[in-house]
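The report below takes up the overall form of one chain and then the surroundings of two residues. Please read it beside the sequence and the structure.

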Amino acid sequence: MSAPATHLFQAKPSFARTAEKGVFWLFRSAAYLVLLCGALVFADIVIKGAPAVFTTTFPFVNTVFLTEAPESLYVFEHEGAKREMGDREFRAFREQEAAKAAAQGRKAPEIKATSFVYSAGGIFPCIVGTVLLVVGSMTIALTLGVASAIYLSEYARQSPLVSFIRLAILNLAGVPSIVFGLFGMGMFVIFLEWNVSLLAGWFTLAFMVLPVVITASEESLKSVPKGFREGSLALGATKWQTIRKAVLPYALPGILTSSILGIARVAGETAPIMFTAAYVVRDKLPWEGLQHAGDFFFQGVMALPYHIYVVSSKIPQNEYTERVQYGTAFVFLFIVALIAATSIALRNKLRGRYKW
Amino acid sequence: MSAPTFSASMDPSTKSIRTTSPSPTAPEGKPSAAVAPTLIDIENLDFHYGATKALHGITLKVPDRQVTAFIGPSGCGKSTLLRCLNRMNDLIDGTRIGAGSIKIRGVDIYQRDVDVIELRKRVGMVFQKSNPFPKSIYENITYGLRLQGIKDKGRLDEVVEKSLRGAALWDEVKDRLHASGLGLSGGQQQRLCIARTIAVEPEIILMDEPCSALDPIATAKVEELIHELKLKYTIVIVTHNMQQAARCSDKTAFFYLGKLVEFAPTRTIFMNPENPQTEAYVSGRFG
Ligand SMILES: Nc1ncnc2c1ncn2[C@@H]1O[C@H](COP(=O)(O)OP(=O)(O)OP(=O)(O)O)[C@@H](O)[C@H]1O
Ligand SMILES: [Mg+2]
């Protein structure tokens with residue numbers, strides 16, 4: 001026998017206690033493992049990306065990288081020093097050298113430079129493009145998604161057909177994003193003749209996140225107590241009045257929570273925009289050189305994830321492309337975090353206002 | 001077009017019936033059922049939830065401006081019948097009236113051209129679980145009026161005070177009208193729901209076990225309120241509390257397994273019931 005218990009609640013070894021300990025450590029290490037992997041990914045991006053985004057001198061942010069368009073990088077030896085220059089700078093430099101040589105009456109020197117595509121300049125057009133894509137597609141997805149969720153859970157009779165529609169929507173969530181890209185190309189780019197355009201990208205991305213938005217909106221609507229609906233209807237409200245005043249405000253925080261996930265996905269997907277909205281490179285910013293205001297919607301844009309893809313698929317890889325790649329990823333993460341933080345703040349504000 | 005009481009284009013004259021007709025309550029306060037005119041006339045009503053039949057041939061005449069109590073063991077169909085009276089059951093998929101009719105002031109409320117919105121404005125409902133909106137007390141009371149497009153601040157203020165006084169809540173909340181309705185106690189919340197209901201000036205108030213979640217003091221307050229309300233409103237109340245039925249109602253209906261077993265003046269049901277089942281139930285021998 002073990003030592004006699006000194007008091008009533010003395011700990012006794014038992015299988016349940018051992019199991020409790022084991023399970024606790026299992027769960028704990030699982031959580032920490034996930035945390036570790038996440039941290040590694042972030043650290044990698046931050047460490048490799050930060051040099052492209054930040055500088056050691058005032059204003060500490062690489063404004064060129066954030067505000068200019070991508071350029072080719074030229075790397076060459078000149079008067080014994082290794083020089084790196086962007087496309088425009090390099091051309092100016094060459095002309096200057098040629099002029100200098102002409103003034104001295106000798107032949108213009110041959111500058112042998114290695115060029116690296118998109119490794120100089122910045123990613124401003126990509127930032128703009130991604131923000132436009134996110135805002136547009138989330139607007140469409142939320143409008144369509146919330147409307148159909150309201151219809152499915154508040155208006156439609158719960159028939160087998162409705163269940164089937166729900167199932168179909170859920171399945172849609174499992175479709176690979178490249179399939180959405182191909183669908184978008186066939187439907188919007190070719191059939192509707194929108195060409196490679198913001199509009200085509202918006203709808204393609206919106207359709208991709210719709211399942212998430214609809215499913216989550218339905219859940220949020222369902223979590224609003226039935227009493228609010230009954231109370232409202234019993235006072236002589238129509239269904240729409242009830243939904244607008246006594247249901248939707250309380251479901252909105254939940255809907256926003258889910259759409260935050262949607263935002264991250266929309267911002268990060270490459271495949272759906274590859275054929276529908278993204279340009280490898282485009283000189284003009286979306287608001288430049290528009291003939292009609294309507295043309296705005298029918299132009300392609302550059303986008304951060306696609307830019308990462310384009311830069312990364314340059315072979316061979318080298319330190320210059322890597323810098324842009326990670327810098328872009330860093331900026332991308334930052335923007336997604338910013339948009340998500342805004343939605344979270346909005347959600348928390350709504351939650352505080354509409355709490356029960 | 002015939003203008004039944006609850007059709008969308010309501011005949012304004014119907015509104016005046018209530019205000020002009022004399023109170024049927026007899027002077028000594030104990031009304032006799034014989035003189036009270038019928039307001040709700042339920043005839044031979046069958047009600048189905050999908051394949052299950054929940055009500056079997058109910059015939060019942062609810063008298064005007066009296067309190068009618070529905071009693072009976074759990075699952076006997078009290079709530080179902082109550083919710084038929086303002087067509088709240090329409091919200092549940094697959095429900096239907098199998099046979100029979102419900103007439104309020106002679107209008108069949110299940111006929112085609114009845115607008116449920118008009119019906120529910122006139123037949124208010126207080127639920128078992130108090131369900132104030134997570135808005136201010138003021139917003140809760142004015143909810144129904146705002147739905148009707150009433151925005152005039154003076155008018156709304158007036159109605160808020162009148163309704164809260166009518167629900168015996170004014171003194172307790174007059175200093176915090178703009179605080180959340182959820183900050184009130186359970187009993188106050190239930191009275192807030194009653195105030196919200198009377199703010200739209202219904203004719204009939206349906207109450208489904210309004211006191212089941214309340215303590216005895218809060219219950220007493222609501223019962224007192226019911227006594228006052230019946231001067232102006234017709235009340236139908238579902239209750240599991242025999243004393244409550246005995247205390248507040250004028251007539252009592254006893255249901256069992258979806259059938260109306262006995263409907264008589266409350267005194268008769270409790271003192272001298274005709275049906276042995278009723279007797280057994282009210283004396284607590286089964287149920
Ligand atoms: N939404 C529903 N769908 C299907 N059947 C239902 C539904 N609501 C009630 N019923 C059934 O109808 C019958 C009557 O129910 P009801 O709620 O009217 O009883 P009740 O008398 O109010 O009971 P309680 O005193 O417990 O509230 C019960 O058999 C119940 O199972
Ligand atoms: Mg009930």
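A residue is called buried when its relative accessible area is under 20%, exposed when that value is over 50%, and partly exposed in between, with a 1.4 Å probe and only protein chains considered. This is a predicted model, in which local features need pLDDT of at least 70 and side-chain atom pairs count only at pLDDT 80 or more, while totals for chains, interfaces and linings use all residues. Residues are numbered from 1 along each chain as its sequence is written, chains are lettered from A and ligands numbered from 1 in the order in which they are written, and side-chain values use heavy atoms, with hydrogens and water left out.

**Chain A as a whole**

Twelve helices and three strands make up the secondary structure of chain A, where helices (H or I, at least four residues) and strands (E, at least two) are DSSP runs numbered from the N terminus. Chain A is more spread out than a compact globule, because its radius of gyration of 28 Å is well over the 21 Å that the globule rule gives for 356 residues; the radius is taken over C-alpha atoms, and the rule is 2.2 Å times the number of residues to the power 0.38. The C-alpha trace of chain A spans about 100 × 75 × 35 Å along its principal axes, and 42% of the 356 residues count as buried.

The domain assignment, which is automatic or from a database, divides chain A into domain 1 (71-121) and domain 2 (124-353). Their C-alpha centres lie 44 Å apart, yet eight residues of domain 1 of chain A are in contact with eleven residues of domain 2 of chain A, contact meaning heavy atoms within 4.5 Å.

**Two residues**

With residues up to four places away in sequence not counted, Ser217(A) touches Val146(A), Ala149(A) and Ile255(A). Ser217(A) and Ser153(A), 64 residues apart in sequence, have C-alpha atoms 9.3 Å apart in space.

The C-alpha atoms of Leu257(B) and Ser283(B), 26 residues apart along the chain, are separated by 18 Å.
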